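Welcome, and please take a look at the model below.

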Amino acid sequence: MARKTVFKISVLLAVVAACYWILLPEMSHWNVDRFREIAGESPFKAAIVYFIIYLVAASFAVPGLAVLTMVGGAILGFWKAVLLVSFASTIGATFSFLLSRWLFRDWVSRRFDSIYEKVRGVETDGSSFLFSLRLIPLIPFSAVNLVFGITPMKTLSFYWISQLGMLPATLVYVNAGVQVGQARSFEDVMSPSVLISLSLLAAVPWLGRLLLHQINLHRIYRNYRRPPRFDYDLLIIGAGAAGLVSAYLGSALKAKVGLIERDRMGGECLHTGCVPSKSLIQSARLAHLIHRAGEFGLKVRESSVDFPSVFERIQSIISKITPKDSADRYRSLGVDCLRGEARIEDPFRVRIEDRVLTTRNIIIATGSAPFIPNIEGLDSIPYLTTDNLWDLRKSPGRLLVLGGGPVGCEMAQAFARLGVKVTLVEKENRLLNREDEEVSRLISEVFVREGIELLLGSRVARFSRAGNDFSAHLDGGRSIPFDTLLLALGRRARVKGFDELNLELSDDGTLRVDECLRTRFPNIYACGDVTGPFQYTHAASHQASTAVLNALFSPFKKFKIDYSSMPRCTYTDPEIASLGLSEFEARGLAVDYDVYKHDFADVDRAVTEGNTAGFIKVLTRKNSGKILGVTIAGPRAGDLMAEFTLAKRKNLSLNEILKTIHAYPTYGEINRLVAGDWKRSTAGATALRFLSGFHAWRRGSV
C-alpha cells in the first residue's frame, strides 16, 4: 500500500513539474496587462494556468506566495482568485504533507527537529494548533506542511483545517491585489479603497492573533460560567513569601485583594525555613568562633551548648518577625485575610469551607513540602524534616543527614559546630552538585576538618529499628547506627486542591506556567515553590511581582518573567553564592568564555578576621568584560553577590565594577580585585610595552 501511494505521488509530482516547466518560457513574457488580455479572451485557460503556477509554488515552497496571491486578485478578480488560491494553496500544502509522510520522513525529522518539538502534542490538540498556525504563521508555511506530515494527523483533517485557517488571509491579500490592480495613477493608489485594503493587509497578523486569542479563550472557558460581577480583583491562595508579596503589591495598586491561608501567615520561610535555619546557623557560628578563640589571642576556659536555649532563641526570633507577616498588618493594608482550606471550583470561584468567593484572577502560591522518600523501614523511624526540626529541645545525639544539597549541608555543619556527631549521606559523588566542582571540594574539606563524616556516592537501601536503636543500611552493605534522622532531600510542590481544573504539571511535579506565569487558564497564575524552577524566597518575591502585574493589567500590558539575574546562596561557612553560569555549565554548553579568579587570602579584611578560606570566580564572554556567571565561596558571599547581580541585570562590564569605589577594608574589595585581574589580562602586551617606552621617553631615558 505504501509503495503504491509513493508511486502515485511521484507520478503526480512529475506531471505537475512538467506542466510548470512547459508553461514557464511562455509565462516569462507575460505581464499583468497581457495576462488580463488572456483572461478576457480565455478565462478558463487563464484560471488553469494561474492554478497550476500557484499549485507548484505552494507544493515546493517557492518564495513570494503572498505576492502571487495579490497578482491573482489583480488579474482574475476577487471571487475567482479567492477560489483558485484557496484550493491551490491547500492542495499544494497537502501535497507537501504527503511527500513528507511517505518519502522524506527521516530527513524532515532531522531537519526540523526543533519545530517538531513544538507540535509533538498534535495527538491531543493538533487541530486547534494547526488552525492557529494557519491563522498566524508563526512557523513558515512549508515547514508546517512538512512537520505535520510526520505527525499522526489524518490527511483529510490537515486539508480542511488548512483551507479554513488560510481563508481569512487569502481574502485580505486577494482584495489588496484587486484594489492595487485597478490603480492607474498616484491618485488611484491614494484612494480610500486602496488605502483601506493595504491597511487590512498590514493588519492581517494582528487580526489573526486577535481572532486566535478569542478562539482559545472560548475553548478554555466554554464549560465555565463567568459571574456578572466579582467579589475580588485578586484572590491569593497561600500566605508564604509569594502570597504575601502578591497581596502587598495588589493592595498597593488599589485592587481588591483576598489572601487565603489554612495555617500560619508567613509560610515556610518564616516558620520552618529561612528564619529558623539562619538563626540556628548564627548560634553554630558563634560556637565555632569560641572554639577558635585561641587564634585571636583569647582564652576561654569552658563553654557548652545549651540546646533548649538555642531553640528557644530561634522561636523568639520567629516571634519578633511574625508581626510583619501577620493578618493584622495585611488587613491594615487593605487585604482581606481569610483562614481556611481553599478549593478552586472553577477559574472564577474559590470555595473556603461553606463560602464561595468570585474573583477576576487567582494566584496560586501554596508553596512546597519536604520530600519523603520511599525507603524500606522509614515508616518505623521518627525522622525529622525542616517542618518539625524546630521542635527540638535537646541534643539529637548521633545525627544522620540524608541529602547533600543546600539544606543538608547547612544543617549538617550547624549541628556539628554545636557538638553533635554528624554523618551525611549523599547519593551523588559530591556535595552541592549544582555548584562548581572546586566549590564542592572546598566544602567537603571544611566539613571533614570540622568532624563531619561524609559518605558520598552512597544510598540508603533500608532502615531498621531494634527498640530505640536505629540503623541505616547502605547499598554497599555498611550499616550506620544513629539516634536522629534528618531528611533533607528537597521539597515537592503542594498542588492539591486544583484537580477539577486539570492544571498541567511539569516533570518535577510543579505547576506548569508560561513566561507570564499563567497556567492553562489565563486568569490563574502560580508563583513560588509551587511552580519553581527555584525554591528561594527572593525568587518567589520576584515571581509574585510579575504575576500580580499581569493579573491586574493584562491584556493591556504583559510582563515576562526574567530569571537571567537570579542569584542563589547556601549559608554554609564558607558561604556559597552563585549567579548565571557556573564553569562546568559553561563547558557543557560549549560557551566561549574567559575566567578570572581571586582568593579571599588577598583581602585585608578577611585576613584581619581570620576568614580567608574561599575565592571568587567570574566568567565573562570571550574577550569581553560582560558577565556570564559568578561564583563566590567565602565570607559574606551572598552580600557580595548583589553588586554582580546589578551589573549583570544592567549588562555592565567588569570595568564598571573596577571604577566603583569600594570602602577599605571591606570584603567588597574582592569584587574590585577580580575586576582588576580582568583589566590586567585584557590590557594587551603591545599597549603595555608602548606605555613603558612612553614613560621612559618622558624620563629622558631614551
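With a relative accessibility of 6%, Thr531 counts as buried; buried means under 20% relative accessible area, exposed over 50% and partly exposed in between, with a 1.4 Å probe and protein chains only. Thr531 sits in the loop between β16 (524-526) and α20 (537-553). Helices (H or I, at least four residues) and strands (E, at least two) are DSSP runs, numbered from the N terminus.

Before going further, a word on the model. This is a predicted model, in which local features need pLDDT of at least 70, side-chain atom pairs count only at pLDDT 80 or more, and totals for chains, interfaces and linings use all residues. Residues are numbered from 1 along each chain as its sequence is written, and side-chain values use heavy atoms, with hydrogens and water left out.

**Around Thr531**

Which backbone oxygen does the side chain of Thr531 reach? It is that of Leu511, at 2.8 Å. Such a polar contact is a pair of N or O atoms within 3.5 Å; within protein, one must be able to donate a hydrogen and the other to accept it, and residues adjacent in sequence count only if both atoms are side-chain atoms. Setting aside neighbours within four places in sequence, Thr531 is in contact with Thr510, Leu511, Val513, Ala526 and Gln543, where contact means heavy atoms within 4.5 Å.

Asp514 is in the loop between β15 and β16. With a relative accessible area of 29%, Asp514 is partly exposed. A polar atom of the Asp514 side chain lies 2.8 Å from the backbone nitrogen of Cys516, and a polar contact of 2.8 Å joins the side chains of Asp514 and Arg518. Leu517 is found in the loop between β15 (491-493) and β16. Leu517 is buried, at 0% relative accessible area.

**Backbone features to check**

Most residues other than glycine have a negative phi, and most peptide bonds are trans. Leu517, a residue other than glycine, has a positive phi near 70 degrees. Lys254 is not a glycine either, and its phi is positive, at about 65 degrees. Is Lys254 buried or exposed? At 74% relative accessibility, Lys254 counts as exposed, and its place is the loop between α13 (241-252) and β2 (257-261).

A cis peptide bond with omega of about 10 degrees also joins Asp573 and Pro574. Pro574 is found in the loop between β17 (567-570) and β18 (575-580).

**Links across the sequence**

| Pair | Separation in sequence | C-alpha to C-alpha distance |
|---|---|---|
| Ile363 and Ala551 | 188 residues | 8.4 Å |
| Ala143 and Ala61 | 82 residues | 9.0 Å |
| Asp514 and Ile561 | 47 residues | 9.0 Å |

Ile363 belongs to strand β6 (residues 355-364) and is buried, with a relative accessible area of 0%. Not counting residues up to four places away in sequence, Ile363 touches Leu234, Leu235, Ile236, Ile237, Ser246, Tyr525, Cys527, Ala547 and Val548. Ala143 is in helix α9 (residues 141-149) and, at 3% relative accessibility, counts as buried.

**A pair of helices**

Two packed helices are described by the angle between their axes and the distance between the axes. Helix α3 (residues 43-59) and helix α4 (residues 65-76) pack with their axes 11 Å apart, at an angle of about 170 degrees. Axes are lines fitted to C-alpha atoms, for helices over the stretch in contact, and angles run from 0 to 180 degrees between N-to-C directions. Therefore α3 and α4 are roughly antiparallel to each other; angles over 145 degrees count as roughly antiparallel, under 35 as roughly parallel, 65 to 115 as roughly perpendicular and the rest as oblique.

Ala46, Tyr50, Ile53, Tyr54, Ala57 and Ala58 in α3 meet Leu65, Leu68, Thr69, Gly72 and Leu76 in α4. The residues of this contact comprise nine nonpolar, two polar and no charged. Here Ala, Val, Leu, Ile, Met, Phe, Trp, Tyr, Cys and Pro count as nonpolar, Asp, Glu, Lys and Arg as charged, and the others, Gly among them, as polar.

**The whole chain**

The protein chain has 26 helices and 21 strands. Of its 702 residues, 48% are buried.
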